[in-house]
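User: I'm new to this structure and would like to learn how to read it. Can you walk me through it step by step?

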Amino acid sequence: MEHHQSKSFPISHVIGFVVSLALTFAAAGIALKTNLSFKVIMWIIGSLAVVQAGMQLFMFMHLREGEDGKTNLVNMIYAVFMVIVIVVGSIWVLTSGHAAH
Amino acid sequence: MGIKWDEFFITGDPLILGSQIAILLTMIGAVAGITYLKKWKYLWTEWLTTVDHKKIGIMYIISAVLMFFRGGMDGLLMKAQTARPEMEFLNSQHYNEIFTTHGVIMILFMAMPFLIGLMNVVIPLQIGARDVAFPQLNALSFWLFFSGAMLFNISFVIGGSPDAGWTSYFPLAGKEFSPGIGNNFYAVALQIAGIGTLMTGINFIVTILKMRTKGMTLMKMPMFTWTTFVTSILIVAAFPIFTVALALMTFDRLYGTHFFTVSGGGMDMLWANLFWLWGHPEVYIVALPAFGIFSEVIATFSRKSLFGYKSMVFSILGIALLSMVVWVHHFYTMGSGPAVNSFFSITTMAIAIPTGVKMFNWLFTMRKGRIKITSAMLWALAFVPCFVIGGVTGVMLAMGAADYQYHNTLFLVAHFHYVLIPGVVFAVFAGLYYWWPKMFGFMLNEKIGKWHFWLFVIGFNVTFMPMFFLGLNGAVRRAYTYSAESGFAPLFMLSAIGSIVLAAGFAVFCYNIYWSIRYADRNISSDPWDARTLEWSTASPVQFYNFAKLPEVKSLDPFWHMKKKNEGLTLHDSEIEEIHMPSNSWVPIYMGVIFGIAGFFLVFEWHIAAAVAGIGIFAGLIIRSFDYNEGFHVKKDEIHRIENAWRKTEGEVHDHVS
């Protein structure tokens with residue numbers, strides 16, 4: 001890892017850091033400085049959090065690097081798929097039709 | 001702790017009293033027999049502490065056969081009870097307990113360990129490895145499964161069986177409606193066995209990804225290895241859901257939480273939802289390896305490469321993906337609304353597509369093949385039409401609207417028996433006949449095998465075919481009796497007669513094992529079926545290090561091509577190197593025992609005792625963490641001696657077939 005970093009200026013880390021700061025301040029600004037409804041605020045800052053988490057996986061967590069890069073990516077996509085199926089699926093099933101009442 | 005000793009042993013039922021006496025006598029007989037034959041040390045060093053994947057596999061298979069007997073007895077009792085209308089052989093409570101344990105045992109303690117046993121024996125051999133990736137973890141998997149299975153099995157003589165169905169739906173399974181401890185057995189025993197299964201899944205993913213021999217790329221793996229790989233991924237994806245659901249159930253029943261109890265603000269439907277989020281993939285966890293076994297058997301005995309290898313792989317992946325998004329078809333009638341039901345109807349019907357692709361691939365594999373009708377092949381041949389009946393009725397049930405008519409009837413029961421018996425039981429029998437010589441160095445008798453086959457298949461069809469029609473006529477499932485006016489009596493009687501034929505088939509199977517152990521020819525080839533994959537390139541029974549020299553793979557069906565080109569079959573002295581193997585360990589069986597004890601206390605809600613036993617679990621974890629045993633090296637001389645014993649002097653593969 002060390003020789004890897006010394007080879008060139010870590011431009012992706014700097015970009016990642018700046019973008020992370022921007023996204024964080026954006027979330028803080030929307031939450032504290034706007035008069036949007038609670039629900040809208042939650043949706044916006046939740047989405048920003050997901051964007052930031054995804055960005056950090058690429059910029060800091062070396063998701064695609066190394067010999068296992070492709071595997072990692074497939075694993076992440078699979079994990080996201082499973083989360084959507086289990087969480088969103090359960091909520092959908094349990095809150096539609098008679099089941100909700 | 002408020003121990004109710006008077007409720008400890010189940011009393012007052014002659015059937016159960018008989019079982020208690022039988023269990024006691026069997027245990028005394030086993031202990032006395034082992035002591036008399038001075039086999040304790042052999043048992044301990046060769047089996048109980050082993051980390052050898054082949055021996056672990058054999059122990060899985062023995063447990064599975066025993067559980068098959070237990071689950072089968074439950075089935076026969078149910079068939080006896082419903083043979084005539086208004087029978088008073090079993091009361092309703094006893095009937096509830098029996099269909100519950102029948103379901104749990106057949107799925108989790110028969111189908112799963114039978115397949116995992118075959119996976120254990122075969123997979124490292126098929127990929128040219130010397131063991132699984134984590135041999136000691138593998139032993140731990142087995143002992144946790146065994147511990148869970150035994151804990152579940154004692155429920156009918158100690159404490160009382162679970163009685164809320166194998167699905168254990170809330171609110172029935174909750175403390176409010178099932179106040180006894182029976183359902184605690186369900187929650188705790190399945191949890192313990194589930195930990196073992198999850199570890200197996202992880203173990204086989206790593207084994208298959210990391211330990212394939214030189215040249216075996218993913219697309220050169222045998223089909224059974226592929227299906228095991230995908231099954232392992234499904235295990236890792238699905239079993240944690242069950243773990244969580246069971247943990248919530250345990251909290252509800254033992255510690256008064258209200259995750260699923262409606263009266264306490266919980267959501268009973270969440271249990272059904274979580275159960276089937278695991279339960280549907282579970283169906284494919286048992287079906288996929290079975291498909292793999294059929295692929296191996298059909299290719300070998302058609303003497304051709306598997307037709308459509310790539311489409312086979314993509315169908316498996318497609319089935320695995322779809323299996324995660326169909327779970328609601330198990331509870332359409334709970335009223336989840338038209339959008340949900342339509343979505344899940346479509347995904348469910350879509351599964352028929354990749355399954356159909358596989359069916360045609362098997363048929364095309366046989367086309368123009370020089371088919372050898374062996375016992376193993378007979379099971380594969382019978383699988384095709386029987387499973388298609390199960391599959392087509394499955395598509396009928398898949399339609400949410402139509403399901404309102406079929407649900408909760410014997411039509412459904414007949415459907416899933418038509419899927420699971422051809423899809424899993426036929427497969428494990430095919431696999432057992434096929435791989436038996438590799439495990440033990442002799443073959444199961446083919447003639448008795450054919451008796452086993454015909455009795456079992458005819459019995460199976462006579463038992464379950466009438467249940468389709470009973471179901472369509474309105475006979476509900478899980479009902480312990482019916483009136484004479486219903487007109488169900490003749491078909492129920494036919495079904496009961498079928499179950500006796502089925503049981504006779506199983507008895508012949510047991511007799512075949514006995515006969516073959518005593519009389520079968522020991523002087524057989526290491527490749528008696530003229531097979532295609534690497535497990536047949538080494539000795540039978542397989543030497544503990546599997547391969548003296550790791551084989552190199554250049555194509556699909558590598559052993560077939562090695563035989564054709566006559567390369568890679570010989571072993572020169574210069575090629576022998578020391579082999580590094582893992583040491584035996586007592587930790588896995590200790591963990592199995594201590595988990596069983598802790599689980600038992602937890603079932604009886606003796607919390608302090610359970611906590612003390614819990615310390616024993618942590619002790620085992622700590623001991624394992626400080627275990628620096630690096631295994632041992634097999635010396636060249638010993639390898640030389642073992643290899644010379646089964647190879648001819650020139651070093652060829654021994655090819656005598658009796």
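User: Let's begin with contacts: in chain B, what share of those between residues at least 6 apart in sequence join residues at least 24 apart?

Analyst: A contact means heavy atoms within 4.5 Å. Among contacts in chain B between residues at least 6 apart in sequence, 83% link residues at least 24 apart. Before we go on, this is a predicted model: local features need pLDDT of at least 70, side-chain atom pairs count only at pLDDT 80 or more, and totals for chains, interfaces and linings use all residues. Residues are numbered from 1 along each chain as its sequence is written, chains are lettered from A and ligands numbered from 1 in the order in which they are written, and side-chain values use heavy atoms, leaving out hydrogens and water.

User: How many helices and strands does chain B have?

Analyst: Helices (H or I, at least four residues) and strands (E, at least two) are DSSP runs, numbered from the N terminus. Chain B has 20 helices and two strands.

User: How does the radius of gyration of chain B fit a compact globule?

Analyst: That radius is taken over C-alpha atoms, and the globule rule is 2.2 Å times the number of residues to the power 0.38. For 658 residues the rule gives a value near 26 Å, and chain B has 25 Å, which agrees. Along its principal axes, the C-alpha trace spans about 75 × 60 × 45 Å.

User: And how many of its residues count as buried?

Analyst: Buried means under 20% relative accessible area, exposed over 50%, and partly exposed in between (1.4 Å probe, protein chains only). In chain B, 58% of the 658 residues count as buried.

User: Which peptide bonds are cis?

Analyst: One of them runs from B:F170 to B:P171, with omega near 5 degrees. B:P171 sits in the loop between α5 (135-153) and α6 (182-210). Another goes from B:S540 to B:P541, with omega near -10 degrees, and B:P541 lies in the loop between α16 (489-519) and α17 (558-565).

User: Which residues have a positive phi although they are not glycines?

Analyst: Take B:N408, whose phi is about 65 degrees. You'll find B:N408 in the loop between α13 (400-406) and α14 (410-440). Then there's B:D557, with a phi of about 50 degrees, in the loop between α16 and α17.

User: Are those two buried or partly exposed?

Analyst: B:N408 is partly exposed, at 37% relative accessible area, whereas B:D557 is buried, at 12%.
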